[in-house]
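I opened my notebook to jot down what I could look up here. These are my entries, in the order I made them.

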Amino acid sequence: MSSLTWVRRRRSVERFWGDFRTRKAGMIGLGVLVVAVVLALIAPLFIDAGVTNVVSGTGEKMAPPSLDAPLGTDESGRSVLLMIWWGSRTSLLIGFLAALLSMVIGTVLGIAAGHFRGWAGAIVLRVTDWFLVLPSLVTALVLAAILGGSTATIIIAIGVTSWPSTARLIRAQTLAVEARPYIERSLALGAGHWHITTRHVLPNVAPLLLASTTLEVASAIVTESTLAFLGVSANKTSWGTMLRGSYDWGAATAGAWWYILIPGLCIVLVVMAFTLCGRALETVLNPRLRTRAA
Amino acid sequence: MIRKCLAVLAAIGLLSLPGTANAAEPGRKVVKVGVTQAVDSMNPFLAVRLVSGQLQRWTYAFLTVPDAKTLQPSPDLAESWTTSPDGLTWTFKIRTAKWSDGQPITADDAAWTFTKMMTDDAAKAGNGPAVENFASVTASGQDLTIKLKAPQASMLDIPVAIVPKHVWEKVPDIGKFEADQVPAVGSGPYVVTEYKKDQFVRLAANKDYWRGAPKIDELQMIFYDNPAASIVGLKKGDIDLIGRLAPPDFESLKGDDNLVQWNAEGRRATYLQVNHGATTSDNKPIGDGHPALKDPRVRQALHYAIDKQKLVDETQNGLARPADGSIIPPLYKSFFWEASGAEKITYNVAKANEILDAAGYKKGADGIRTMPDGSKKLQFRFSIHTDAPSEEKLAEYLTGWFKELGIQLTARRLDSSKFTEETGTTALFDIAISGWSVNPDPEEVLGTHLCSRRPTASGEGGGTESFYCDPQYETLYKQQQKELDRTKRADIIKKMEQRLYVDAPVIALYYPNDLEGYRKDRIASITPIPEDKGILYGGSGYWPFYTVEAVSQDAAAEDGGGSSTGLIAGIAGAVVVLALGGFVLARRRQGAADERE
């Protein structure tokens with residue numbers, strides 16, 4: 001039986017990939033993402049955290065792009081290119097982990113709210129609604145300020161403020177799945193809560209979850225940059241802290257466009273790539289969005 | 001962080017705001033001073049902020065005033081004075097002059113002012129320590145007699161504004177009195193004629209001032225929510241002068257032909273406060289400072305690892321002087337002390353590493369040193385303020401240098417009230433940034449490192465800047481208090497600075513310059529204090545604004561009227577500014593140590 005399941009799964013993955021690769025925008029997004037992630041992962045082979053250390057920044061201050069510093073330097077003479085490279089590690093790490101955290105909380109609570117009717121479900125739903133109406137940026141600022149600045153606290157601050165929309169989405173899907181007759185059959189055969197939620201509901205919401213998480217990473221990266229720009233950072237160079245630095249040290253008045261533009265463009269590029277990927281995933285996985293097969 | 005967004009919005013709003021205070025009539029000479037600090041109180045018994053201190057200097061006479069040239073005490077309301085041989089009885093002869101309402105000034109006014117501070121706890125809020133040592137104050141005619149409990153060398157620099165008894169004795173509760181009715185009765189070169197909280201203060205020249213009326217008719221103080229808005233105000237001509245600028249704001253004045261960039265020695269010292277084992281005033285440990293910092297050798301190694309010149313260049317745009325001394329800046333020549341010879345600590349990482357190696361702090365596999373007993377890694381927190389780019393940059397440099405020592409430093413950003421609490425009372429810090437604006441008589445700043453200033457057992461803050469408690473320092477402090485000979489006293493004070501330098505409960509980093517800007521198409525001349533390259537706004541004394549000479553309005557009367565689109569934008573902006581400004585100010589109200597005089 002299990003070999004049969006695997007064959008089925010492999011086929012569905014193949015079908016999915018076949019469908020996905022026809023989406024040009026999605027493929028471009030995926031390509032950019034792979035490049036960005038690979039670059040971030042191999043960075044330690046070439047450079048170390050020293051490139052973000054002001055003490056080792058010996059170049060000219062706010063120097064325009066040159067051979068030594070292809071993307072110019074910042075207010076302490078550090079190479080913008082190397083800082084962007086090293087900073088991508090922080091930005092991407094926080095983006096991925098915050099999205100993951102948000103996804104886990106959102107899935108657990110979403111399925112719980114959809115599966116358990118009655119008072120338990122109602123309470124979970126009300127809590128979700130309550131979090132949904134909290135202004136998430138302000139909440140994240142306050143949380144990060146209370147917890148103090150470290151990578152983990154920024155991840156937590158973003159994660160715990162961005163899960164409600166995922167939870168809502170998952171709950172709706174759970175309700176739809178649980179309305180199907182085979183769930184009723186399963187119940188009649190004596191299936192418990194655990195069996196139904198993990199064996200039947202979870203696999204059915206998973207594709208949607210994947211698409212939503214991909215989009216969530218994009219918004220987490222933007223939130224991280226926003227927080228960093230507003231002064232809440234993990235004491236590590238990220239694209240957001242670079243933007244803040246350019247603002248604090250008057251890069252605009254000094255005419256140092258490279259210091260403002262490059263981190264900004266990097267954020268745009270990566271967020272765009274995640275969004276393209278997420279949209280493509282959504283279209284492939286959600287039958288309702290699928291156009292008639294060409 | 002949130003304040004920053006608001007500040008930006010407020011700046012945008014203010015760009016389009018029409019003139020803040022009433023337009024001047026032609027022929028009247030008006031000088032407008034911009035400030036970014038809110039007045040905490042117009043009541044001299046309560047106010048602690050620098051801006052309020054300036055207003056007091058302009059509107060009330062003090063017993064003495066620092067001389068414009070030498071900064072040594074010189075006669076003000078007190079014409080002359082004598083001291084008994086034991087130094088315990090001081091007699092001041094009060095000048096024959098009039099209050100701005102025409103009543104004569106007598107010694108009785110001064111005696112009432114001091115007695116009020118000695119007897120009413122509410123009246124001690126502003127300047128309580130100044131009269132701590134007073135046993136009694138009596139008046140007879142124009143003679144004021146102050147009897148002391150112990151000799152006190154700083155008697156000629158009492159920072160207390162003398163208020164008119166006939167007005168103030170009717171005040172029922174001094175602690176709740178805002179003193180904001182106008183015209184206020186005073187005895188300084190100016191009289192407050194209008195006051196709108198957080199908007200402006202108008203001061204008319206006191207025609208009956210005993211030194212002679214000032215050269216201008218009116219002085220206005222205009223309040224801004226943030227430096228960016230005030231810079232725009234200066235460039236537009238809404239204000240004529242602004243003091244206490246941060247280096248980037250100062251540099252943004254460059255290139256405007258109408259503006260004078262004023263860059264002189266400042267009265268402030270910026271230093272690191274090291275938690276060397278904080279204790280309360282009953283000698284019980286308090287807080288969670290790192291045990292390694294109790295070791296003077298570690299503190300000395302940290303001192304060796306700081307490149308002060310680099311800090312000045314990078315965080316202060318070169319507009320400061322690296323500190324080879326202690327907490328008293330070089331502006332005060334007679335009290336300034338600087339290390340020299342073998343004692344002088346210069347940037348030397350190798351030497352710092354040697355000191356730590358010799359002291360037994362071994363580097364682990366990760367490059368970070370541990371305590372000699374291996375119990376704890378040398379990982380320190382560095383407390384700085386939120387929204388302070390220069391402090392962030394400072395933290396980055398210290399982190400970089402300390403890393404080369406095998407010490408890990410992590411910046412901790414705190415908002416100002418939490419910062420003040422953690423570094424001044426609860427001692428929940430390892431290393432913190434701090435600074436102090438020093439008066440011509442340094443007793444106040446020296447006092448911030450006394451045992452008695454540490455927080456009490458019940459956790460009440462005593463105003464310590466270091467939690468320092470050192471027998472040698474205490475003895476020297478008592479000696480200088482008794483020493484009435486200025487030169488001998490200066491020698492003792494220098495020994496105290498030396499002690500602070502060597503023992504390093506605080507590590508002086510640099511002395512920021514006094515950075516100001518004014519419009520030369522409005523201000524014809526202004527004399528700083530001290531006269532030779534001194535301070536304009538924020539100095540101790542009224543000289544700059546007493547001597548200020550305005551360019552007559554006729555010469556500069558070609559103001560264009562604001563266009564109507566500008567007005568509409570201005571009104572829209574003003575609504576935003578009012579809403580947000582209220583919020584910002586509400587937050588600002590909790591004064592930071594940074595803002596105190």
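**Strand pair in chain B.** I began with β4(B) and strand β5 (residues 89-94) of chain B, which pair in the antiparallel sense over 5 bridges. Strands pair here if DSSP finds at least two bridges between them. Helices (H or I, at least four residues) and strands (E, at least two) are DSSP runs, numbered from the N terminus. I picked out one bridge: B:T82 has B:T91 in β5(B) as its partner.

**A note on the model.** This is a predicted model, where local features need pLDDT of at least 70 and side-chain atom pairs count only at pLDDT 80 or more, while totals for chains, interfaces and linings use all residues. Residues are numbered from 1 along each chain as its sequence is written, and chains are lettered from A and ligands numbered from 1 in the order in which they are written.

**The sheet around that pair.** I then looked up the sheet: an open one of 4 strands, in the order β4-β5-β7-β6 (chain B), with antiparallel pairing. Its edge strands are β4 (78-83) and β6 (134-140) of chain B, each pairing on one side only. On average, neighbouring strands of this sheet are turned by 20° against each other, direction ignored. For such angles, axes are lines fitted to C-alpha atoms, for helices over the stretch in contact, and the angles run from 0 to 180 degrees between N-to-C directions.

**Helix α3(B).** What lies across this sheet's strands β5, β6 and β7 (143-148) of chain B? I found helix α3 (residues 107-119) of chain B, running at about 155° to β6(B). I checked its length too: at 1.5 Å a residue, the 13 residues of α3(B) should span 18 Å, and the end C-alpha atoms are 18 Å apart, which agrees. The expected span is 1.5 Å times one less than the number of residues.

Among the buried residues of α3(B) are B:W112, B:F114 and B:M117. A residue is buried if 20 or more other C-beta atoms lie within 10 Å of its own, exposed if 12 or fewer, and partly exposed in between, with C-beta atoms placed from the backbone. The buried residues of α3(B) pack against β5, β6, β7 and α4 (165-168) of chain B. Two residues are in contact if their C-beta atoms, placed from the backbone, lie within 7 Å.

**A second sheet in chain B.** Next I found an open sheet of 7 strands, ordered β8-β9-β10-β1-β11-β19-β12 (chain B), with mixed pairing. Its edge strands are β8 (190-196) and β12 (259-264) of chain B, each pairing on one side only. I followed one pair: β12(B) joins strand β19 (residues 514-519) of chain B in the antiparallel sense over 6 bridges. There, B:A264 has B:D514 in β19(B) as its bridge partner. Helix α5 (residues 227-236) of chain B packs on the sheet, touching β1, β11 (241-242), β12 and β19 of chain B, and its direction makes about 160° with that of β1(B). I also noted helix α2 (residues 50-59) of chain B, which lies across β1 (30-35), β8, β9 (200-205) and β10 (218-223) of chain B at about 140° to β8(B).

**B:S281.** Is B:S281 buried or partly exposed? With 18 C-beta neighbours inside 10 Å, B:S281 counts as partly exposed. B:S281 sits in the loop between β13 (268-274) and α7 (296-304) of chain B. Leaving aside neighbours within four places in sequence, its contacts include B:C451, B:R454 and B:G462. B:S281 and B:F467 are 186 residues apart in sequence, yet 9.0 Å apart in space, C-alpha to C-alpha.

**Over to chain A.** Chain A has 10 helices and 0 strands. Its C-alpha trace spans about 75 × 45 × 30 Å along its principal axes, and 43% of its 294 residues are buried. Just after α7(A), A:G190 takes a positive phi of about 100°.

UniProt (unreviewed entry) places "transmembrane region" features in chain A, including one at residues 256-281. Over that stretch of chain A I read 96% helix and 0% strand, with the end C-alpha atoms 39 Å apart.

**Where the chains meet.** How many residues of chain A are in contact with chain B? There are 15, in contact with 18 residues of chain B. The chain A side divides into 6 nonpolar, 8 polar and 1 charged.

Key
Nonpolar A, V, L, I, M, F, W, Y, C, P; charged D, E, K, R; others polar. UniProt positions renumbered as here; feature names shortened; annotations may be inferred.
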